[in-house]
Amino acid sequence: MNNAIVYKGLVIVSVGGVCFTFSQFVHYETHHYNEIMRARNGAIYAFNATDGRLVWMIFTKGEAMPAPAVYHGVLAYTTGGGCFAAVNATTGQMLWKDSFPGYMGNMASVNYYVMPNGTPLFIAGFTYTVAPYGFLLAVNGLNGRLAWNATMPSPYVGANTGLGDVPPAVDQQAGLVIDNDIANFNASSNTVDTVTFALNASTGKPVWATNLGTGIIPPAFKGGMPTIHGNFIYDGSPSLGIVAKLYVNNGSIVWETRLPDLKIPPQLPGGPRGSPTYYHGLLWVAAGSRVYVLSPTTGDVLSMYYVGGRMGIVNPVITGGTMYLSNSYGWVVAIPLSQIFQIGRAIKS
């Protein structure tokens, strides 16, 4: 459900099932929300990157689906059991551990922000089973103490799994945490708003929130980490089938582009579910069964390349003139960029 972390000759992988035991449904029906956890256990493994030898492993309380993050040898991770913890990335020795009952880390990978005084804050999203359904938590990377706890800025109220399934992006230069979620679920029309928003990275206070539009709620909503490049954010809405460009400082929309031939809810799950990749002055977007190439300046669609299957929560990985994709149908695909769009002979990774 996430990406492996490569650190100083180690490949670090977090694992865990997505199931709930029957007792968790009992907790929900009896309104004991703080006792709910996703899966009973998980684990984190560290392998030698050269030969695959197991170097260390730890068990976790609740699944460990989200990808951890490493900063100066501190590996921070979250779990479906409400844990926000850190170990020594080289040895696996526990450094600190927090518990947030009822909070579930699903697929919102951990990120970090370094404060002006040099203190790192690890930041991750969690799901809760009742409104507002999602929270972003920041903890001091040195001792694990909670720095701030935030949710989507008002007047928006998160829906579904939301912030527990969307990794937060961090703009170190602007001092902002950027994330997105679906909000304001309307049961009569089965619609939601898709909202991109910014928080102050040091305090968690809201800075701005922008509604990208209203559409049919996508099934099992999972969102891609917003892409930040320069002074702009590139984000998508699977509910609407659009890619949007926004200003980092105030969230105002520069353009929105509806991706052609992409079916959206209720016909299909919609897209893009992953974030755009900025490469060689272009935006590369995987959505539905195609790869789209967009102009970051105008939002114009420059190319559409049919791959087949369905692209889930995937952003294209590009290196050496080749694009690599994973696919919801169980495919791994490598495509020469020249087949998708001619950007010249000199392609540098």
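Histidine 31 lies in the loop between helix 1 and strand 3. In this predicted model, that histidine has a positive phi of about 65° although it is not a glycine.

- Most residues other than glycine have a negative phi, and most peptide bonds are trans.
- Histidine 31, with its positive phi of about 65°, is exposed because its relative accessible area is 55%, and the cut-off for exposed is over 50%.
- Aspartate 261 also carries a positive phi, of about 60°, without being a glycine.
- The loop between strand 20 and strand 21 holds aspartate 261, which counts as exposed at 58% relative accessibility.
- Another cis peptide bond links alanine 131 to proline 132, where omega is about 10°.
- Proline 132 belongs to the loop between strand 10 and strand 11.

- Four strands make up an open sheet with antiparallel pairing, in the order 1-2-3-4.
- Strand 1 (5–7) and strand 4 (54–61) are the edges of this sheet; each has a single partner strand, so one side of each is left without a neighbour in the sheet.
- On average, neighbouring strands of this sheet are turned by 20° against each other, direction ignored.
- Strand 2 (residues 10–16) and strand 3 (residues 41–48) run antiparallel and are joined by seven bridges.
- Opposite glycine 16 stands glycine 42 in strand 3.
- A nonpolar patch on the surface consists of Phe20, Phe22, Phe25 and Val26, which together have about 420 Å² of accessible area.
- Valine 26, a member of that patch, is placed in helix 1 (residues 22–29).
- With 36% relative accessibility, valine 26 counts as partly exposed, because that class lies between the cut-offs of 20% and 50%.

**The largest nonpolar core**

- The largest nonpolar core comprises 21 residues.
- The residues with the most contacts inside this core are Phe84, Trp96, Tyr103, Val110, Phe122, Phe126 and Leu137.
- Strand 5 (69–71), strand 6 (74–78), strand 7 (83–88), strand 10 (120–127) and strand 11 (134–140) are the elements that give two or more residues to the core.

**A buried loop residue**

- Alanine 108 is located in the loop between strand 8 (94–99) and strand 9 (111–114).
- This alanine 108 counts as buried, because its relative accessibility is 1% and the cut-off for buried is under 20%.
- Alanine 108 and lysine 222 are 114 residues apart along the chain, yet their C-alpha atoms are separated by 9.1 Å.

- Three bridges connect strand 21 with strand 22 (residues 282–294), and the two pair in the antiparallel sense.
- Tyrosine 278 has leucine 283 in strand 22 as its bridge partner.

**Hairpins**

- Five bridges hold strand 19 (residues 242–247) and strand 20 (residues 253–258) in an antiparallel pair.
- Within this pair, valine 243 has threonine 257 in strand 20 as its bridge partner.
- The hairpin of strand 19 and strand 20 has five residues between the strands, and glycine 251 takes a positive phi near 80° there.
- A hairpin is also formed by strand 25 and strand 26, with five residues between them; glycine 330 in its turn has a positive phi of about 90°.
- Strand 25 (residues 322–326) runs antiparallel to strand 26, and five bridges join the two.
- Leucine 325 is placed opposite valine 333 in strand 26.

Definitions and conventions:
Residues are numbered from 1 along each chain as its sequence is written. This is a predicted model: local features need pLDDT of at least 70, side-chain atom pairs count only at pLDDT 80 or more; totals for chains, interfaces and linings use all residues. Side-chain values use heavy atoms; hydrogens and water are left out. Two strands pair if DSSP finds at least two bridges between them. Axes are lines fitted to C-alpha atoms, for helices over the stretch in contact, and angles run from 0 to 180 degrees between N-to-C directions. Patches are made of residues with over 30% relative accessible area and no salt bridge: like charges are joined within 9 Å, nonpolar side chains (Val, Leu, Ile, Met, Phe, Trp, Tyr) within 5 Å. Accessible areas come from the Shrake-Rupley method with a 1.4 Å probe; for residues, only the protein chains shown count as cover. A salt bridge is a side-chain nitrogen of Lys or Arg within 4 Å of a carboxyl oxygen of Asp or Glu. Buried means under 20% relative accessible area, exposed over 50%, partly exposed in between (1.4 Å probe, protein chains only). A nonpolar core is a set of buried Ala, Val, Leu, Ile, Met, Phe, Trp, Tyr and Cys residues joined through side-chain atoms within 4.5 Å.
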